[in-house]
Structures are given as C-alpha cells and as structure tokens.
Amino acid sequence: MMSRSVTRMARSMINHIGRRNFSTLRPVTGNEAGIGVVTGAAGFLHGNSMKGSEKAVAHWVRYFSVMSSGNASTMALRNKEQNDQDDQKINQSGGATGRNATATDSGNNNKRIVSYWGIQSPKVTKEDGTPWRWNCFMPWETYKADLSIDLKKHHAPVTLLDKVAYWTVKALRFPTDLFFQKRYGCRAMMLETVAAVPGMVGGMLLHCKSLRKFEQSGGWIKALLEEAENERMHLMTFMEIAKPKWYERALVFAVQGIFFNAYFVTYLLSPKLAHRIVGYLEEEAIHSYTEFLKELDKGNIENVSAPAIAIDYWRLPEDSTLKDVVMVVRADEAHHRDVNHFASDIHYQGQELKDCPAPLGYH
C-alpha cells in the first residue's frame, strides 16, 4: 500500500515538472539504476517500514539535453560505428588506419579516441604520400642540419660574469666525466636532459615578461622554445640508442630538479649570465660529441644504423648510421652555442632581446 502511494506521489511530481526532462517512473532492480545517466532514489521515503518483498525503489532519471538529437553517448557510439566502417574501407584499399587513429612517439601503436567534442587527429603524410609515423613532430618541423658551421668558435671570458659562467660549466664537467667516462651514449642522453631546460625556462620567463609589460619579445620566446624542443628531440633520438638504467633515470630526476630551479633563479637575476652559461654548456657539448665521433671511428663504439626518428627529423638518408646522427646533433649544439652567446652579448651592450630580432629557425 505504501509502495503504491509513493509511486503515485512520484508520478504526480514528474507530471507536474514535465515529460521533457524526466522519464516515466518505474521500479528498477539490481544494477539497472546505475546504467546510463544520473539517478535519484526515493527509497528513503519508505524508511524501513516495508518488507523486503514489498520494496520498490523509485528512480527519477534525468536525461541531459546536450544534443539536439539523442544524447552524447549515443552520438559517440554512432561516430565510432561510422569510423569503424571508414577504417574497414581504408584497410581494404591498402590505406592507413582510420581518421581517429593517432600514432605514438614510437610510431608503432594506434589509439582511437571517440569524443563528443568533434576534434579529430589530422591525417598527415610525407611528401611522397606515405603516412607520417610520428606525432611528436610534424613533417614541416623537419630540416637538414647545417654541417658547415664552425665548431671551433669560443667566447673568451673577459668580464667577471663571463668567468663565473665559464668556471661554473668547467666545474660541472668534472663529475660528469667521472660518472660516465667513455659511455658516450649514456653521457649524451644525460646531457640532453639538462640542455633542454634553459630554452624552456628562458622562453617561459620572456613570455611572462611580455604579458606583464604589454610588449613584444622580438621573436625570442619562439626561438628559445625551438631550442628546447630541438634538444628534446636529441634526447628522443639517443633514447633509441642508449637504454637508461634505473639509477640513471633517478639521476635525471635529481639533476633536472636542481638545474631547473638554479637556472630559473639565475635568469631572473641576470639573463646575460644565464645565456653565457648555456653558451659555454654548448661548447662542452660540442667537445663531448667530438669525442663520441672519435670513439666511433676507432671502433670502440658500434656504428649502428640510425634510429628511424632521427632519419625523419633530420631528413637523413635511409642508410644513415649513428655517426651521421652524432654529426647533425653536434651541428645543432654549435648553433645553440651561437644563439646563446649572441643573446648574452645583446644584454652586455645595454639592450634587451626584444630590440634585436631573434634568429628563428637557426639550425
């Protein structure tokens, strides 16, 4: 009797509110109430006065009208079914996987995303029409390294800040040599985890400065972020060659945490000192990669085939080797050396970076 009274009361309330937002009231059992959208139980109206065989839990089910026809989950399911049909057609014709398939950084796995928001991953191809296998960088971000750059350039420290920067970098080299010794693959990997930090920190601080002062940056935000991304791609390349051990990964955590905060404070206090430090770090990187090449020439390190990611990123020939990769990476470091010494010189001459156009795309 109580159950029928509660049911009539709930039906009266639903009819009063309107049918557009609520479904017909009916008893449900088991996990049925958990399926679909939001539910509210009216069982508390009964208390514990009803017997187990007489309990009928009333649920109000509200359908959110987020779409004009059907709810979001129904439309997502329809999109998934349509994508599956498209994928089947493409696979039958020998093409790539569906339009919602996205390649991972390694280019081996495909992940399908079904979203109500209507955002689709772009279908990118190479110049020859074959599918692009990376999503960590796009074909228009690739380039051929300039190997003709002068590798022997050096900024002689003259001022006090120059000497501080120079000897700071020299002091950091000693524990690095002691730890890695002749393991240049692991050394390069560790070096890139540090080298990718300054560009990101400098770009971030210039970005915030531009917002605070309502002024342009002269392109230096983008230039420094390009440097950081280029260094990160170096790391992604050497990850394919030298597999880091657990203690080396732990060392990266410690070094990155210390270096990021130290460089952040240094850039806030003196950008010219910060850029000079990076310039000297890049000079040391050139030296390290030159020693790497010597070990490859001697045969102490196996000259394996170049990773696929390196071939696509630097547009290397398909038969390229590790030596070719080290040469283009060394050329990149030489360009970063020039950019950071140049940025420091701008500050030394009493100007700001925004006063001098940034060397965008300087590889």
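How many helices and how many strands does the secondary structure of this protein come to? Hello everyone, the count is nine helices and four strands, where helices (H or I, at least four residues) and strands (E, at least two) are DSSP runs numbered from the N terminus. Please keep in mind that this is a predicted model, in which local features need pLDDT of at least 70, side-chain atom pairs count only at pLDDT 80 or more, and totals for chains, interfaces and linings use all residues. Residues are numbered from 1 along each chain as its sequence is written, and side-chain values use heavy atoms, with hydrogens and water left out.

Along the sequence, the pattern reads α-β-β-α-β-β-α-α-α-α-α-α-α. The protein has 363 residues, and 37% of them are buried, meaning under 20% relative accessible area with a 1.4 Å probe, protein chains only.

Let's look at helix α6, residues 246-269. Its 24 residues reach 35 Å from first C-alpha to last, close to the expected 34 Å; that expected span is 1.5 Å times one less than the number of residues. Glu248, Phe259, Tyr263 and Tyr267 are buried in α6, and their cover includes α3, α4, α5 and α7.

Now for the cores. A nonpolar core is a set of buried Ala, Val, Leu, Ile, Met, Phe, Trp, Tyr and Cys residues joined through side-chain atoms within 4.5 Å. The largest has 31 residues, and among those touching the most other members are Phe137, Phe238 and Trp314. Helices α4, α5, α7, α8 and α9 each supply at least two residues of this core.

Finally, the largest pocket. A pocket is an open set of points on a 1 Å grid over the protein atoms alone, where a 1.4 Å probe fits, with protein on both sides within 12 Å along at least five of seven lines; lining residues have an atom within 4 Å of a point. Which residues lie nearest its centre? They are Leu172, Thr176, Val194, Val255 and Leu281, out of 35 lining residues. The largest share of the lining, 10 residues, comes from α7, while α3, α4, α6 and α7 each supply at least two.

Technical notes:
Buried < 20%, exposed > 50% of the residue type's maximum accessible area, 1.4 Å probe, protein only. Contact = heavy atoms within 4.5 Å.
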